[in-house]
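Biologist: I'd like to learn how to read a model like this one. Could you walk me through it, feature by feature?

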Amino acid sequence: MAYLYNTPDDQHAMLKAIGVDSIEALFSTIPEDLRLKRDLDLPPQMGELELTQHLSALAGKNASPATHACFLGGGSYDHFVPAAVDALASRGEFYTSYTPYQPEVSQGNLQAMFEYQTLICDLTGMDLSNASLYDGGSALAEAVIMALNTGKRGEKVVVLGTVHPEYRQILQTYFTHLGIEIIEIPCVDGIADLAKVEETVNAETNCVVVQSPNFFGGIEDVAAIAEIVHKNDAVLIQSFDPISLGLLKRPGDLGADIAVAEGHSLGSAMQYGGPYLGIMACNDKFVRRLPGRIVGQTEDRRGKRCWVLTLQTREQHIRREKATSNICTNQGLFALRASIYLALLGPGGLKQCATLCTQKAHYAQTKLSEVERLEPVFAGSPFFKEFVLRDTQGNVEGLLAEAREAGFLGGVPLGQFFPEMNDCFLVCVTEKRTKQEIDALARTFSLIHSGSSTIHA
Amino acid sequence: MRNQQATQLLSELSHPGRTAVTWPACDVPEQPIEDLIPGSYLSDKALQLPELTEGEVVRHYTNLSTKNMSVDTHYYPLGSCTMKYNPKRNERLASLPGIVDLHPYQDEATIQGMLQLLFELQGIFSEISGLPACSLQPAAGAHGELTALMVAAKYFKSIGEDRKVVLAPDSSHGTNPASAQMAGFKAVSIKSDPAGGVDMDDFRAKLTDDIAVLMITNPSTLGLFEKNMREIADAVHAKGGLVYLDGANMNAILGIARPGDFGADMMHYNPHKTFSGPHGGGGPGAGPICVADKLEPFLPSPVVVKDGENYKLNFDRPESIGRVRSFFGNVGVLVRAYCYILSHGPVGLREISENAVLNANYLLSQVKHFLPVPRGERCMHEFVASAGKLKQERGITAMDIGKRLLDYGFHAPTVYFPLTVPEAIMIEPTETESKETLDAFVQTLFRITEEDAELLHEAPHSTPISRPNEVQAARSPCLRANFCSS
């Protein structure tokens with residue numbers, strides 16, 4: 001095998017030094033009756049060429065943005081990744097290194113994480129950032145844990161119905177069995193109902209979870225929600241889309257106490273949903289409660305500026321069952337990618353990217369709404385890069401299946417998340433989609449409607 | 001010749017007006033942005049991000065990279081972390097178009113290749129573990145622990161039992177008790193016996209009727225196979241409890257012993273350890289779990305199933321704990337594990353463990369002559385030496401030795417873990433190192449134990465920085481640029 005070094009001669013010499021006569025003898029501490037007496041039932045060994053052919057064949061069975069124009073969103077986005085991100089992050093010194101427990105030989109990673117924290121604070125307008133968590137959904141759950149642990153009197157968690165349905169499912173999984181009540185505020189017009197928020201949030205509320213731009217792409221009035229939340233002495237947690245902050249007010253400016261996000265769109269591919277990047281930033285007051293890795297600046301014994309993992313007394317390897325979280329890692333490589341991406345774009349580039357998404361999404365909404373069988377659903381609410389369409393013929397699956405034949409991943413059917421929206425689908429338009437693709441999708445939907453769907457884009 | 005500018009921060013390199021990205025002109029009819037989004041929602045100030053050219057960004061990060069030790073550049077005998085070689089083919093294959101760029105909400109008909117891969121991987125993980133059901137969803141080992149404990153909680157609820165206690169040895173990873181607590185259990189620690197195994201008297205004393213789960217790392221963090229494993233598992237089962245195996249050390253027993261066969265009802269894998277996913281400076285990993293049949297209904301939703309010739313995501317799982325992560329999981333890491341396993345096949349996987357254990361025992365046989373290994377003559381994939389005597393006699397600590405190794409171009413072993421060994425130095429060579437490297441490491445280690453104590457206290461001497469002030473970092477935290485309390 002290409003990765004093993006020991007030749008039979010090496011093995012012989014080593015066994016001799018150990019003082020045993022076979023490798024088998026080294027396993028003598030495993031009781032005989034606990035050993036496997038046969039080979040594992042697995043596919044046979046493949047060389048690199050065979051394996052490459054096998055994986056290429058599997059890849060060839062999948063549609064992808066290379067074969068289909070992707071209008072899918074809902075928390076995973078087909079944003080452009082500059083070549084420099086791939087080139088730098090694929091350096092072995094970054095991706096084959098370990099958690100920086102030895103700061104002397106990890107200054108590259110530590111400085112990169114410190115810069116990531118800085119960039120996330122700049123991006124969000126928050127005081128603090130950790131060095132990342134698993135993904136946007138579990139980061140949201142960690143934010144709720146942090147709020148619950150902060151000693152605020154309320155125990156109830158209020159979640160707006162416009163928060164990503166999978167994120168809400170994660171909250172249910174994490175908290176329901178702990179006996180913590182999660183109150184969901186149903187959404188009406190694809191946007192939070194402020195009157196309902198006012199009515200629901202009270203002294204028993206520990207925290208309120210809002211997502212803006214929300215799952216439907218709509219922009220919430222976070223500042224107004226923040227006022228209600230803070231009046232009741234509760235914690236406001238905002239889940240946000242990092243790209244949107246090229247245009248929209250930052251969570252920190254809107255009054256969020258904790259800001260979390262799915263950060264994969266900052267320079268990482270969609271990867272069928274993972275690995276992703278859980279962003280978490282918060283106010284200063286959470287400094288000793290913030291879960292996950294944190295990098296701090298200090299000086300070495302010669303007085304040189306340097307960076308170390310810090311505040312480790314919150315962590316499980318020190319505090320065990322008293323830790324603020326069981327998380328003992330970060331998404332280092334993806335935090336690195338996000339940093340490189342933000343460093344490349346700068347404030348102007350991010351603003352331009354966000355503007356392109358917004359212009360194109362609004363153009364697409366207008367254009368697709370002109371198709372006879374389609375209509376916009378939450379037409380009155382402001383949106384960023386995603387919007388909802390209704391198929392007035394109620395055959396979303398059929399419509400999208402035919403669009404696929406023509407080369408489009410045309411949208412995410414919403415019936416799977418909201419049974420009452422069985423005739424609706426979510427369309428996302430990133431900066432990568434061209435006018436030509438948008439027009440072609442509209443034309444395709446029209447042709448499907450008129451019954452001649454065989455024309456390809 | 002080091003680039004001095006490489007210690008500057010992005011914000012210090014920034015020059016207003018520079019950028020590295022030119023976006024295309026807007027090709028749809030543009031409208032004033034305020035007509036699309038109400039002005040009150042739009043930011044009225046520019047973001048404080050750095051402004052740099054592409055060349056500056058590339059030089060900055062390339063220089064940063066040279067300040068890391070990594071598996072590609074150095075020997076990394078880091079106990080419990082299994083820092084094995086990360087095959088290049090896996091990186092390329094995980095980046096293939098049609099693999100790396102799939103959207104998680106693509107229709108099943110358009111991702112049959114991906115679903116096939118994931119379905120096969122569920123089966124492969126089950127076969128290696130001897131546990132028939134698998135969830136690929138957890139995002140890291142600790143996330144797998146938490147998920148499995150939630151599965152256990154739901155299982156006990158389903159049979160109408162209210163069990164509160166999770167037992168874990170004091171030598172276990174800190175994530176074990178932390179996960180137990182997060183899943184709503186009370187974590188209780190079991191002592192280790194002098195040989196490093198579970199102290200059977202303490203175990204029996206703590207094995208109460210309300211035990212839910214025993215969490216055990218086997219092979220243990222001391223690199224030992226728990227000799228009383230059968231008895232322990234039987235005792236837990238007799239009380240109606242479940243056994244959880246922390247799979248951090250699976251690299252030692254691939255194809256040799258299966259957790260399901262030696263008594264585990266649940267386990268997690270660390271694919272970034274056992275199956276060579278690169279550690280990425282701290283992540284991402286993944287934490288797939290395998291469980292016994294009776295726990296299958298409670299696994300997170302969805303799982304991949306085969307329906308005739310087609311692969312499907314099954315969301316129809318009424319007893320499932322629900323979802324612990326968005327979308328499907330850390331697929332990119334799982335693809336690498338799949339490639340790694342297929343690169344070896346059943347015989348190759350067994351050879352991995354054989355060589356990992358051979359390398360570890362060879363190192364042990366050499367190291368024990370100058371650094372005592374308190375817990376035995378034989379080990380699995382790793383062993384724990386102690387600098388206790390050196391500290392007593394010459395004031396040389398495990399930390400001193402670790403730091404000095406850096407000067408010689410070796411990454412330090414894990415030090416001060418497990419907590420049950422004084423001045424612990426935990427060494428795991430892995431199977432992807434040669435005898436020559438192991439010999440060089442032993443010689444260096446020996447040479448260090450003979451060196452002047454003062455020299456060691458001030459080590460490392462050759463690295464970009466030395467012995468950072470960690471107390472200061474924690475006492476007055478400076479967690480972002482230009483925002484340090486003095």
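Biologist: Let's begin with strands. What order do the seven strands of the open sheet in chain B have?

Modeller: This is a predicted model, where local features need pLDDT of at least 70, side-chain atom pairs count only at pLDDT 80 or more, and totals for chains, interfaces and linings use all residues. Residues are numbered from 1 along each chain as written, chains are lettered from A in the order written, and side-chain values use heavy atoms, without hydrogens or water. Strands (E, at least two residues) and helices (H or I, at least four) are DSSP runs, numbered from the N terminus, and two strands pair if DSSP finds at least two bridges between them. Here the order is β1-β7-β6-β5-β4-β2-β3 of chain B, with mixed pairing.

Biologist: Which strands stand at the edges?

Modeller: β1 (133–135) and β3 (186–190) of chain B: each has a single partner strand, so one side of each lacks a neighbour in the sheet. From one strand to the next, the twist averages 20°. For one pair inside the sheet, take β5 (242–247) and β6 (266–269) of chain B, which are parallel over four bridges; B:Leu245 stands opposite B:Met267 there.

Biologist: And which helix lies across β5 of chain B?

Modeller: Angles run from 0 to 180 degrees between N-to-C directions, with axes fitted to C-alpha atoms, for helices over the stretch in contact. Contact means heavy atoms within 4.5 Å. Helix α6 (141–158) of chain B lies across β2, β4, β5, β6 and β7 of chain B, at about 170° to β5(B).

Biologist: Now cores. Which residues touch the most other members of the largest nonpolar core?

Modeller: Nonpolar side chains tend to be buried together in soluble globular proteins. A nonpolar core is a set of buried Ala, Val, Leu, Ile, Met, Phe, Trp, Tyr and Cys residues joined through side-chain atoms within 4.5 Å, where buried means under 20% relative accessible area (1.4 Å probe, protein chains only). In the largest, with 116 residues, B:Phe125 and B:Ile128 touch the most other members. Helix α11 (331–367) of chain B gives the largest share, 19 residues.

Biologist: Why does this core lie between domain 2 and domain 3 of chain B?

Modeller: Because both domain 2 (90–344) and domain 3 (348–472) of chain B give residues to it; the bounds come from an automatic or database domain assignment.

Biologist: Last one: how much area do chain B and chain A bury between them?

Modeller: Buried area is the accessible area (1.4 Å probe) that two parts lose on being put together, summed over both. For chain B and chain A that's about 17000 Å², 63% of it on carbon and sulfur atoms. On the chain B side, B:Trp23, B:Tyr105 and B:Leu479 lose the most area to chain A.

Terms used
Buried < 20%, exposed > 50% of the residue type's maximum accessible area, 1.4 Å probe, protein only.
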